[in-house]
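Colleague: I would like to learn how to read the core and the charged pairs of a model such as this one. Could we go through them in turn?

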Amino acid sequence: MKHNIVDNLFAGASSLVLHVVLFAMFIIGMDLTSTPKPLAQEPQKEIVQATVLDENLVEQEVARLEKLEQDKKNAEQERQQKVQEQLEETQKELARKEQEYQDMEERSRIEAEQRAKAAEEEKQRIADLAKQREAEEQKRLEAEKQRKLEEERKQKAEAERKQAELEKQKVEAEKKRLEEEKRKAEAEKKRIEEEKQKAAAEKKRLEEEKRKAEEAKQKAEAEKKRLEEEKRKAEAEAKRKAEEAKRKAEEEARRKAAESDLQRQLEQEQQEREARRVKGVVDQYSLMIQQRVKRYWLRPANVQSGLQCTVQVSLLPGGDVKNVKIVKSSGNSVFDRSAESAVYKAAPLPQPSDPKAAAALRDFQFIFKPE
């Protein structure tokens, strides 16, 4: 507090000395000793030797000089006016500074009083604060004690909580383990149940397959019996049919044999009849041929009567004689040659219209006995 008051006094004195120095510098800067410059006096005119001057130019130069002088005068008045104004401003500023200094002093005094009061109050506040701090310290210590107790309690509670948490975790882990074992046991039970169901289903399937196999076997045996019965029936029927066929075949063979015998007999009879018929025709035409040969026979001289010879005659179709041959001579060659000649002369010999009879007469023999 005391230090602040000394600082304020020192600051006020410094400000006052500064204002005094500034005011002194301002007074020194002013040219108070200089006398006001006299108004521009008309310059001394230099006497020159001139002969003729332009009056207008002179008047203009005079006016210019007067105006220049007036301007300088005005400028000086303006400068003095500004200096006066600055002085007044400085005085006002000094007064204001003085007032400010007084105000500052007053404020310093008031502030000193306030600071003293504040210092007293601060002292009291410090004392109160000390008491408060002591109380707060006591309170803090108590609070710290309580905090420590609370901290210990919390730590204990935290330890207990952690222990409980650990116990809980253990319980949870044990619970999970038991649940896992229960789940595994249930899964194992379910698996065993499924295995049982599968085994039962497999057993049922096997029994069903066995039943079906048995049924199939029975059906197969029944089918086998049916097939054997059918086979037996078929074999019996085949045997019956074979026997029937054999019997029929035998009957057919016998019938055919009978028919064949009959046919053969008929054919033989027919052949015999045909042969007799052909023989009859041949005999008839043989007789006719002998009669015709006899008509063309000329008795040779000196041939005794009563001779005969067997002549073999080969004919061409149409009855022409192909060849004549004496197969049994009469003993008389003349007679024999006359017989051959008579055969050639008698050609064409009569031929039957029946082919078989004609064929039989292609090559035949007859006994030529003209008398």
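Colleague: Which residues of the largest nonpolar core touch the most other members?

Modeller: Before the answer, a word on the basis: this is a predicted model, in which local features need pLDDT of at least 70 and side-chain atom pairs count only at pLDDT 80 or more, while totals for chains, interfaces and linings use all residues. Residues are numbered from 1 along each chain as its sequence is written, and side-chain values use heavy atoms, with hydrogens and water left out. A nonpolar core is a set of buried Ala, Val, Leu, Ile, Met, Phe, Trp, Tyr and Cys residues joined through side-chain atoms within 4.5 Å, where buried means under 20% relative accessible area, exposed over 50%, and partly exposed in between (1.4 Å probe, protein chains only). Here the largest such core has 27 residues, and those touching the most other members are Val293, Val311, Val313, Val343, Leu349, Phe366 and Phe368.

Colleague: Which elements give two or more residues to this core?

Modeller: Helices (H or I, at least four residues) and strands (E, at least two) are DSSP runs, numbered from the N terminus. The elements in question are the helices α2 (55-296) and α3 (333-346) together with the strands β1 (309-315), β2 (321-328) and β3 (363-368), and α2 gives the most, with six residues.

Colleague: What does Val313 touch, leaving aside residues up to four places away in sequence?

Modeller: Contact means heavy atoms within 4.5 Å. By that criterion Val313 touches Val321, Asn323, Val343, Leu349, Arg362, Asp363, Phe364 and Phe366.

Colleague: How many salt bridges does the structure hold?

Modeller: Side chains of opposite charge can pair when their charged atoms come close. A salt bridge is counted when a side-chain nitrogen of Lys or Arg lies within 4 Å of a carboxyl oxygen of Asp or Glu, and the structure holds 42 of them. One of these joins Lys97 to Glu93 at 3.5 Å, N to O; these two residues are four apart in helix α2 and therefore separated by about one helical turn. Lys97 is partly exposed at 23% relative accessibility, as is Glu93 at 31%. Glu93 and Lys97 also belong to a network of salt bridges with Arg96 and Glu100.

Colleague: How many residues apart in helix α2 are Arg109 and Glu106?

Modeller: Arg109 and Glu106 are three residues apart, about one turn of the helix, and the closest N and O atoms of their salt bridge are 2.2 Å apart. Arg109 is partly exposed, with a relative accessible area of 40%, and Glu106 is partly exposed at 34%.
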